[in-house]
Amino acid sequence: MSLLDILTEDVIAVPLMSRDKSGAIMELLKLLKKSGQISNEDEAYDAVMMREDKGSTGLEKGIAVPHAKTAAVNKIAAAIGISAEGIEFGSLDGNPSKLIFLIIAPPAQSGTHVALLSEIARLTQYPTLCDELVEAKSPESVISILQGEE
Amino acid sequence: MSDIIRKILVYVDGTEHAVLAAHYAVCLSKTLDAELSALFVVNTQALGTLVRSRIFLEDEEMEYRNELNADAERYLHHVKAIGQEKSLDITLLNESGSVSGEIKKCVKENDIDLLVIGELSRIQSRRDQFYDETERAMRSVPCSVLIVKDEDRVWEMYDRLK
């Protein structure tokens, strides 16, 4: 399974309206709830923040990958948020996160969860791709960039 | 036993495509009177990448590793049962490392004649084709490879098998 197998335009926030970490995570979770992919955004939020409390998933170069396992989903779900200004995520290099990949997985799907996070880890190795995503003006454009068509 | 195919390896990764491949491999093995082994690879290479990229914490990596090991046991026993239902004994192989690397190693070490795999994932982006581990294995193993498709036909074939 790849990110593009589960990513739809209605779970991509361009731009993110929130200005802080908790608000951005909740904004993305609400998109997943609205799209019918999670049953309870509060439960998912608690799971993501519990993981963040152990150590921030804010990586270098403006990327964050908040993730959690929770029974609030039946199958793995992903959402993307883009903030041109950046959001303080407690990242390794101290820079704000502009590209946020949120992954929520059910407890019994570790293999798929690892595969999806690995794909995102690989994407972050393409600086030009990440720059293009940050510059994207619409969810449609984000999908096209990920497909390698822009 | 057939002279052409004596040893078959089916790669299982927990997907429905892999389960179908296992059913087909059982049919093939019984028909050709060939030995059948089933391989599951715990992708510790991916876990290592996640720790290095700081997406995973060390204890998180350990938690997922344990869960993946449990998945491997569960899937392999499911495959064993698929064989037992048709009175076929399947050798179970549980390895960890890079998926393509372990498949290739297993084919060489066990002198496999035919690798059976499930249908490959749909290519969604240009990058996918560089990273699909099963596809990489298919390209690099020294033996012939069979990709199982047509679900209805496989179920029918398995059901008919004595």
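**Entry 1: A:Ser83**

I located A:Ser83 in strand β4 of chain A, residues 77-87 (strands are DSSP E runs of at least two residues and helices H or I runs of at least four, numbered from the N terminus). The model is predicted, so I note that local features need pLDDT of at least 70, side-chain atom pairs count only at pLDDT 80 or more, and totals for chains, interfaces and linings use all residues. Residues are numbered from 1 along each chain as its sequence is written, chains are lettered from A in the order in which they are written, and side-chain values use heavy atoms, without hydrogens and water.

I then found its side chain 3.0 Å from the backbone nitrogen of A:Gly86. Leaving aside residues up to four places away in sequence, A:Ser83 touches A:Leu16, A:Ser97 and A:Lys98 (contact is heavy atoms within 4.5 Å).

**Entry 2: chain A against chain B**

I found 30 residues of chain A in contact with 23 residues of chain B. In chain A, A:Lys69, A:Val114 and A:Arg122 lose the most area to chain B, together 20% of what that side buries (buried area is the accessible area, 1.4 Å probe, that two parts lose on being put together, summed over both).

I looked up the salt bridges between the chains and noted three (a side-chain nitrogen of Lys or Arg within 4 Å of a carboxyl oxygen of Asp or Glu). One of them joins B:Glu67 and A:Lys69 at 2.6 Å, N to O. The largest share of the side of chain A that touches chain B, 10 residues, comes from α4(A).

Notes
Polar contact = N/O pair within 3.5 Å; in protein donor to acceptor, adjacent residues only side chain to side chain.
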